[in-house]
Amino acid sequence: MSSRLIHLGALLLSTSLLSAEHWAFQPLKPGKEQDIDAYIKKTLSQHGLKPAPRADARTLIRRAHFDLTGLPPLDVSDTSDLSDLAYANLVDSLLASPHYGEQWARHWLDVARYSDTKGYVYAREEKNWVHATPYRDWVVSALNNDMPYDRFLLLQIAADQVVPPKSPDLAAMGFLTLGRRFLGVTHDIIDDRIDVVTRGTLGLTVACARCHDHKFDPIPTRDYYALYGVFQSCAEALVPCTDSEDAELAALVKKNRDLMTKRREEQMARTRARAADYIAAQNELDKYPEEVFGQLLDEKDLNPFIVHRWKAWLEKHPGVKITDELLKRPDSPAFVPDEHIANNEMYFPNGVTTELWKSQAEVDRFLIKNTTAPTHATILVDRATPSTPRVFTRGNPLTKGDEVPRHFLSLFGDQQPFKIGSGRLELAQAISAPNNPLTARVMVNRIWQHHFGRGLVSTPSDFGKQGTLPSHPELLDWLATEFIRSGWSIKHMHRLIMLSQTYQQSSQANDPRDPDNKFLARFTPHRLSFEEARDTWLASAGRLNLRAGGRPEPLFASSNTRRTLYAFVDRENLPAVMRTFDFANPDLSIPQRAETTVPQQALFGMNHPFVVQQAKALVKNAQTQSTDEARIRFLYDRLFQRKPTSDEAASALAFVSINPEPVLAGSDHSKVWQYGFGEWDENTGRVKQFQPLPHFNGHAWQGDVDWPNAKLGWAQLTADGGHPGNDRKHAVVRRWIAPADGSYDLRSTLIHDPKPGDGIRAFVSHSRLGKLLSTKVHASTADLSLAAISCKAGDALDFIVDIDVALNSDQFQWSPQISASTAIAGSGGDSVAEVWDARKDFGEQPKVSLNAWEQLAQVLMLSNEFMFVD
């Protein structure tokens, strides 16, 4: 062996030994001081720094409200008495608020990679998680009730083994089961679960050891596969977490279970009948690859997965005599476990797999769409026979190495194999044990991080050698010790932190020697997260719906004024505004959000209809005040919880006193088109009542974010055509408003392609003259053109489509063009008449202009004082 290799081996050995001695893996070593301030002042003194003075009362009230509830205070008009006792009482009242759990649940949900959807899945499978809402609401409730953190973790990892059936606490296991589906690839699903457990609770990057021993921390590959075996020995199960029942659901569940039982029995019979073929296949295993993504199989094929089950079984039973009775045993290679289709899909031909997933999807969709359906949770349950994992050499499941027992991480000392089922309960108990130094350190660091903007360890999910050293190691260990001593009370830690002088400091810089405020000589201002900003805009406008819990709603649905925590999170199609404002990536466990400043954030605030709506609502509320001065004070109080200074008041008064009408440059064809729905009236030849379609999704006008939706069904208008609503009362109407008196020509062709169904009816109607044209089309086209239509400015031409009799394949194409009947004389001779083209002009309705008061409100809503909390 070369001297270079010998040196490298010695270096790796010494690195491993040093890793085992790493500070984070040692027992807690708190210092002698007995409060936060003593530790902070000691460090400040060592660096020649002094703490900032106490912040003023208004600042502390706002800081406490936003930190604990994510909402602004309703009233800070009286700040004359914020004694230590009054401030302590404020903190207690905020900790008792139901909104505390909502705010701090969002922090945990980032770690838990929460999403309402699975990510990309095959069309056969329901894409939304059944159990996302119950998990999110369980986290909120657990935090509001100050559930001890050790139990909080225990339930999220092994609730199935510590609570009775149908317990609401089963919802906690969404922590494990809400990750991406990874198209059903078991190795990746297990890796995701190992990662969220170890980084989320221990601050260790154990998943780095999937392919090789961890490069920096004492985590060998064997430890990774010891944990792999724990989760490999578990199966997903969809179970109720309430005693309530539903007859329709029970029927769907029975239908699904009966189908699974039937298909399992058929598959087991096929395998037993072809036992000789499966045994013969052992001589040509190269024809049956063990890991083939998307392999197509029918009932006549030998299933490669089952071929390799035979291989493993025959190795354990050499020379065994094969009998039909032997193959009916649960440990035989012919047996198909009675589990959720997510666990056993690999046993079936593709057609059967699709059939079973569609059957399961019927159950899932019933639970998702019916608000009265019993709450369900997706949990893990231990399999009757746990797996003995084998190391995948270089992470390749096709090259299996030595067997390893299921056990906890060896960096905590010699580990005994788990004995209870999969070992998942023992894993949870080892993580939450009071003598595990990492669990308490990691959680108190997370709490500190969300109060001060940065943890004492600035890499909150990596306490290994690649993570940062703690800025105040003795304080971190004192906090962790106090956390355990308090019975793992998270609220106790909030009180300790928020009642300290360190937390109550002013944010004003008093010394340039610590520009990053690492040593906490002052308080670091907190920038509102997207959720906090949206909730505060709504609260300031008086529009925030504080209803807690329940099913999510699309973020910008017209009816959604609830807290952003309850917005729908789609990991495959996260709303662009969430990405713009640094929302946590739901594919990964995110310990700390990025904090960027990009132009798109300002453009959102300036242009998005949501912000405009809140500005208009805020000004409307301000109109209750009797004078302009009082209205300005109202705006400042709602947005900043203070009165304007004399200069601010004077500037605002000067601004609102000048309210020029907006000047439009050039013609805007979008202003002459409107998009709505209504019912065709045969008697008058007009729409009975034109109502605007309420939601624009970027390419279509429709009833809401979802399409079809409960409000207006299939009603939709696009640039090229659309789809009528579900009945004749919900015809879709594209309306054109004549911009001036004159004669106009219409050119248009209506197209209905589909052969199914009975087609559609269409009408062209004039607001004064009534019906101009009408037709029925089915798998055909119709020319709906007309010349010399007399219009006065403001007259409307309606282009109306409804179903004929039945709702079936009623989509259509129809994009009218309207032009002035006569050419317009120009300086260079006659020019082409102006054309209003439904396709080219299609888009969002013209943005509503804001008056001076509304502009003032919007500017204040986007100011730094609003977006940053001192």
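**Sheet.** I began with an open sheet of 4 strands, ordered β20-β15-β23-β26 with antiparallel pairing. Strands here are DSSP runs of E of at least two residues and helices are runs of H or I of at least four, numbered from the N terminus; two strands pair if DSSP finds at least two bridges between them. At the edges I found β20 (786–791) and β26 (835–837), each pairing on one side only. From one strand to the next, the twist averages 25 degrees (axes are lines fitted to C-alpha atoms, and angles run from 0 to 180 degrees between N-to-C directions).

**Ground rules.** I am working with a predicted model, where local features need pLDDT of at least 70, side-chain atom pairs count only at pLDDT 80 or more, and totals for chains, interfaces and linings use all residues. Residues are numbered from 1 along each chain as its sequence is written, and side-chain values use heavy atoms, with hydrogens and water left out.

Next I looked up β15 (residues 742–747), which pairs with β20 in the antiparallel sense over 4 bridges. Within β20, L786 is the bridge partner of L746.

**Confidence.** I then checked pLDDT, the predictor's confidence in each residue from 0 to 100. The protein chain averages 92, and 94% of the residues score at least 70. Over residues 1–19 pLDDT stays under 50, and the model has 7 contacts beyond four places in sequence for them (contact means heavy atoms within 4.5 Å). Residues 824–832 are also below 50, with 7 contacts beyond near neighbours in sequence.

**G351.** Finally I visited G351, found in helix α16 (residues 350–369). G351 counts as exposed because its relative accessibility is 52% (exposed is over 50%, buried under 20%, partly exposed in between, with a 1.4 Å probe and protein chains only). Its C-alpha lies 67 Å from that of A509, 158 residues apart along the chain.
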